[in-house]
Amino acid sequence: FGLLQAGAVPVFKPRAEEKITPEPKIKKLEPVLLPGEIVVNEVNFVRKCIATDTSQYDLWGKLVCTNFKTSFITDDPMPLQKFHYKNLLLGEHDVPLTCIEQIVTVNDTKRKQKVLGPNQKLKFNPTELIIYCKDFRIVRFRFDEAGPESAKKVCLAIAHYSQPTDLQLLFAFEYVGKMYHNPAKKVNGIDPGGGGGSSGSGQQTPLFEAYSDWDREIKRTGASEWRVCSVNEGYMISTCLPEYFVVPSSLADQDLKLYSYSFIGRRMPVWCWNHPNGSALVRMANIKDVLQQRKIDQRICNAITRSHPQRSDVYKSDLDKCLPNIQEIQAAFIKLKQLCVNEPFEETEEKWLSSLENTHWLEYIRSFLKHSVEVVYMLECKRVSVVLQEEEGRDLSCLVASLVQVMLDPYFRTIVGFQSLLQKEWVMAGYQFLDRCNHLKRSDKESPLFLMFLDSVWQLLEQYPAAFEFSETYLTLLYDSTRISLFGTFLFNSPHQRVKESTEFAISKNIQLGDEKGLKFPSVWDWSLQFTTRDRMLFHNPLYIGKSAPCVQNGAVKSFKRSKKNYSSTLRGIPPALKNGIISEQEFLPRRNSLILKLKPDSLQQAASHNNSLEQYFRAWFSKPVDLHGVILPQFSGTHVKLWKLCYFRWVPEAQINNGGFITAFHKISLLVDEVDMLNRSLRQCKSNLSLQANCSDLDQSRMYFRASGLNDISGTSDFLSSSFPFSPIGNLCRRSILGTPLSKFLSGAKIWLSTETLANED
């Protein structure tokens, strides 16, 4: 996402006559390169467009294509710039190649435009380049004063390197290869490796690559009847499972080997989490052997039952039958993307809510929240173990299993805990990041399930801000990090693929691995690779109430309680589907495009009992004070499930609120928290009789980005705050004017996201 800045959004007024005069720079502009990064092509005298309807704010510089990013280098300051939020890996105007969605070249004179593929020819000299990014940005460059051949070559280079055909062509391999050949070389002053990294609290994120990480998690959750299994060491059984995972203690390794052949992808049932009452959350793929299905299914369920202290039954949830599939989620995301970058944005205002509803994005968020609540109910109230069943067991189950654990376990609502959850349930569980993020441009497998999970977590954060240690800025930057092809975390379809591909690459480059299982790629959890210590403070939520910080009032510890009025309005806010309860997928008959699921006529009696139990559970939960370190349940009526504006609207100038939005409250609360922290430190130091010098040193420490006092005090200069903070739409959503351009006819249909099919014959 490059160098991010936030500030006042300028109102651009077109002038009657504008003369474009290039200002060639005498100073040589050179890109900042990472180890293994090389310049592929470049062109001088390029103009980066900042506004749609005027060129007065445009920047002059050099456009460079490397094997990692497109980089625009300029000496010109960004107009009306008031704030910098810098990514240490990327410059202010850089776009990682894996963040590029589509490349469109335009020739104004010949009135032609073309979507560029990886190995296509360009029959005209481009006068303009438009880059559509996966994070909803639109970046435009003009080549009016640039050499026509150089402009064509750089456009073709960007198209080629942003759409690689092989995994080993992604930049992470060149970067890691260079680091192995030059082990003393450091980036941003640190030595990047494959460790979990620190998240600012000094704690390391467990990667679940080792036996010991799983063993610690078993002990943390009290899963005494479960054991760590090493039957898949060397990926001898399944290539889409980790080498170590947790299974019922009563299942022997020989049984697991025998049963594995019957599961799709040989993905045996794997343990996710244990409730204190003994019920377990388990994931598994479908059994493909129809003849053996009932027998194996019964043996697995019996083993899970024996692992429960009360020997409770097992509840099976077939996710494929009751949740949207990956194709439907992708279709919803495309509609959402078109809505958020529509042109002109104001024209959608009158029908905004209906247009948003028609995307089905929030409907699908609601579906995942509702189903996760049902699983929570079965684990928490019914005290039975739950098996999440899915065809391959590596898509929808990642989302539901993670969401359930966030609702049930406060550890996963801390930064380190949340990162360990992503490692355990996504990275090591074989979520196909390579295909679903479409790093190799195979669009038939693309689906934003990981983004939908982050959006669902944001919904919980929005409803219970004091229950989460991290902020929505953290969630947004985490999503952005999936588009940076440096980290091994979000680059592969499975741990086995990382080992296999990196070992092949190491052999081809004569890299000695020794006892290592493949190359060690940088982990995204090492946030110091991307952000300074100060900037990482924006990850922390000032509203978070940790266990060590109870609310004290008049000398007594108080908990947060709902008033009677809030309680009653909460119940009124429950949608009809919830008032009737949520039942298992066998008792649901989904009606397409409906927010309410209809009951089968023949199961009304059975459903009524289940409904009453679930309704009672909800009423009981909402009637009690909120335990921020216990279970949290979301509300998901139409008014409670919202659009994540910071993520989807951060580049839209028309959607910004200067000196407004949640950041204004975040700013004030941070100042208050920092002031309280300073007073506490002063009191502790006075009691300890520490020296004045030590006192001053300690007072300078702060966990808040916005500080009440000190050298970095910016509390009095909050005019740079906007609803997009710490991002800025300036120059990041530069739509092409629809007046007098070759694309005017096309854009008048409000289809800003160009399709290859539409433009294939227009060259």
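Asn274 stands opposite Ala280 in β12. The model is a predicted one, in which local features need pLDDT of at least 70 and side-chain atom pairs count only at pLDDT 80 or more, while totals for chains, interfaces and linings use all residues. Residues are numbered from 1 along each chain as its sequence is written, and side-chain values use heavy atoms, with hydrogens and water left out.

Asn274 lies in strand β11, residues 270–274. Strands here are DSSP runs of E with at least two residues, helices are runs of H or I with at least four, and both are numbered from the N terminus. β11 and β12 (residues 280–285) run antiparallel and are joined by four bridges; two strands count as paired if DSSP finds at least two bridges between them.

These strands belong to an open sheet of four, ordered β11-β12-β14-β13, with mixed pairing. β11 and β13 (314–318) each have a single partner strand, so one side of each has no neighbour in the sheet. From one strand to the next, the twist averages 20 degrees. Helix α5 (residues 290–306) packs on this sheet and touches β12, β13 and β14 (385–390). A contact means heavy atoms within 4.5 Å. The direction of α5 makes about 130 degrees with that of β13; axes are lines fitted to C-alpha atoms, for helices over the stretch in contact, and angles run from 0 to 180 degrees between N-to-C directions.

A second open sheet has eight strands in the order β4-β3-β2-β1-β8-β7-β5-β6, with antiparallel pairing. Its edge strands, β4 (95–96) and β6 (112–115), each pair on one side only. Four bridges join β5 (residues 100–107) to β6, and Val104 has Val115 in β6 as its bridge partner. Helix α1 (residues 148–161) lies across β1 (39–48), β2 (59–66), β3 (69–73), β5 and β7 (128–133), at about 125 degrees to β1.

Leu434 sits in helix α12, residues 433–436. Leu434 is buried, with a relative accessible area of 4%; buried means under 20%, exposed over 50%, and partly exposed in between, using a 1.4 Å probe and protein chains only. Not counting residues up to four places away in sequence, Leu434 touches Leu167, Leu170, His439, Leu440, Leu491, Phe492, Asn493 and Gln497.

The chain as a whole contains 23 helices and 18 strands. Of its 763 residues, 58% are buried. Among contacts with a separation of 6 or more, 74% are between residues 24 or more positions apart.
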